[in-house]
Amino acid sequence: MKKPVLTIYTCSDALPEMECSNFFHSRSLFMSLEQTRRQQPYMVVAAASGGRVLGHLLAAVRHRNAWLAPCISAHCRILGEGEFADELSCGDSEGEYTRQELFGMMLDALVERVKNRVLYVEISNLSAKMFGYRLLREAGFFPVHWMSIHNSLHSMPPEERLGEKMKKRIERAYRKGVVTAEVEGGEELAAFCALLRRHNRFKLKRYIPDSSFFSGLARTGHGRLFVTRYRGRVVGCCACAYSEGDAYLWYFAFLRKSFAIVHPDVMTVWHAIDHAHKHGCAHIHFMDVGLPFEKNPFRDFILRFGGKPVSTYRWFRFSIRWLNGVLAWVYRG
């Protein structure tokens, strides 16, 4: 059986023609990353010998500090397992490959390319908890238990999943003049980004891209930026992505304590849910709920909107071999 030809692209002009129904592995997201400071996209493409694309995988290398060595300040993030030629398998006259096999091949090629350029590679938001488990283990990755929450929007209106206390909070906030709407103009975009950075300033793992990424996300047609205002002040914001009929709450920030009386966290998240429902999305996924600690305030907050918690894995591979071995032992369970 012949292996597919694997090519890694770092320039959007060189990308071949390929299916891009999954936004997180699309040409449009690649171009947004390409135009963002301190982000470098890598698109791994697996093709048959005749040139037909069998699958592709998009990864983003992110640089936190320009003055530090890339192997310390950079990390690689992959959202999902990529996109494939059809639902079950991808074959040609020379052989047939499953999605997991193609994923493993593309991942190996990517790791070989970036392993000396980043501190670690992170994979999240896989379609199934056990997807590629053996292949990821063989590639040196270790799993960390993570929480995932999604709300179903197709079976009933989202307001019917709210408790009475939550409904009253939302109604009171609207009466007090709280408004959530899409970002319009450079001034609102600047306020959106400023709040995101302020909210996440002391969160070591939370990476906030440059403002050009968010403006590019909105221009793709697969993203929306929302701000919540109270008396003219931006008190909450979030960025949502839309892919294959679902919505994804990607980035968020709130002045929750300073404006507790109007609950900017509740109003911002509620607007994202309501907007997704009104625009025909089947689900809304919350992309970074965090570790499954017994006490997780953000998880408990999101669950008040009627979502479903799911245990999943987030996979890591550190380029420093001894550190990767230690962490793999720590998270062996």
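## Exercises on salt bridges, patches and strand pairing

Arg229 and Glu188 form a salt bridge in this predicted model, with 3.2 Å between the closest N and O atoms. The pair links distant parts of the chain, since Arg229 belongs to strand β11 (residues 223-230) and Glu188 to helix α6, 41 residues apart. The exercises below start from this contact.

**Exercise 1.** Classify Arg229 as buried, partly exposed or exposed, and do likewise for Glu188.

Solution. 
- Step 1. The cut-offs are under 20% relative accessible area for buried and over 50% for exposed, with partly exposed in between.
- Step 2. Arg229 has a relative accessible area of 23%, so Arg229 is partly exposed.
- Step 3. Glu188 has 16% relative accessibility and therefore counts as buried.

**Exercise 2.** State which parts of the chain the salt bridge between Arg37 and Asp210 ties together.

Solution. 
- Step 1. The side chains of Arg37 and Asp210 meet at 3.1 Å, N to O. The salt-bridge rule asks for a nitrogen within 4 Å of a carboxyl oxygen, so the contact qualifies.
- Step 2. Arg37 lies in the loop between α1 (27-34) and β2 (39-47), and Asp210 lies in the loop between α6 (185-199) and α7 (211-219). The bridge therefore ties together parts that are 173 residues apart in sequence.
- Step 3. Arg37 is exposed at 53% relative accessible area, whereas Asp210 is buried at 18%.
- Step 4. By the same rule, the count of salt bridges comes to 12.

**Exercise 3.** Describe the cover of β14 and its pairing with β9 and β13.

Solution. 
- Step 1. β14 is mostly covered, with 7 of its 8 residues buried.
- Step 2. Strand β9 (residues 142-152) runs antiparallel to β14 and is joined to it by 5 bridges. Within this pairing, Met147 has Gly290 of β14 as its bridge partner.
- Step 3. Strand β13 (residues 246-254) pairs with β14 in the parallel sense, over 3 bridges. Here Ala247 has Ile284 of β14 as its bridge partner.

**Exercise 4.** List the residues of the positive surface patch and of the nonpolar surface patch, then examine Arg175 and Trp329.

Solution. 
- Step 1. The patch of positive charge gathers Lys168, Arg172, Arg175, Lys176 and Arg231.
- Step 2. Arg175 is found in helix α5 (residues 164-175). Its relative accessible area is 63%, so Arg175 is exposed.
- Step 3. The nonpolar patch is formed by Ile320, Trp322, Val326, Trp329, Val330 and Tyr331, which together have about 650 Å² of accessible area.
- Step 4. Trp329 is found in helix α10 (residues 321-330). At 55% relative accessibility, Trp329 counts as exposed.

Definitions and conventions
Residues are numbered from 1 along each chain as its sequence is written. This is a predicted model: local features need pLDDT of at least 70, side-chain atom pairs count only at pLDDT 80 or more; totals for chains, interfaces and linings use all residues. Side-chain values use heavy atoms; hydrogens and water are left out. Patches are made of residues with over 30% relative accessible area and no salt bridge: like charges are joined within 9 Å, nonpolar side chains (Val, Leu, Ile, Met, Phe, Trp, Tyr) within 5 Å. Accessible areas come from the Shrake-Rupley method with a 1.4 Å probe; for residues, only the protein chains shown count as cover. Lys and Arg count as positive and Asp and Glu as negative; His and the chain ends are not counted. The place of a charge is taken as NZ of Lys, CZ of Arg, CG of Asp or CD of Glu. Helices (H or I, at least four residues) and strands (E, at least two) are DSSP runs, numbered from the N terminus. Buried means under 20% relative accessible area, exposed over 50%, partly exposed in between (1.4 Å probe, protein chains only). Two strands pair if DSSP finds at least two bridges between them.
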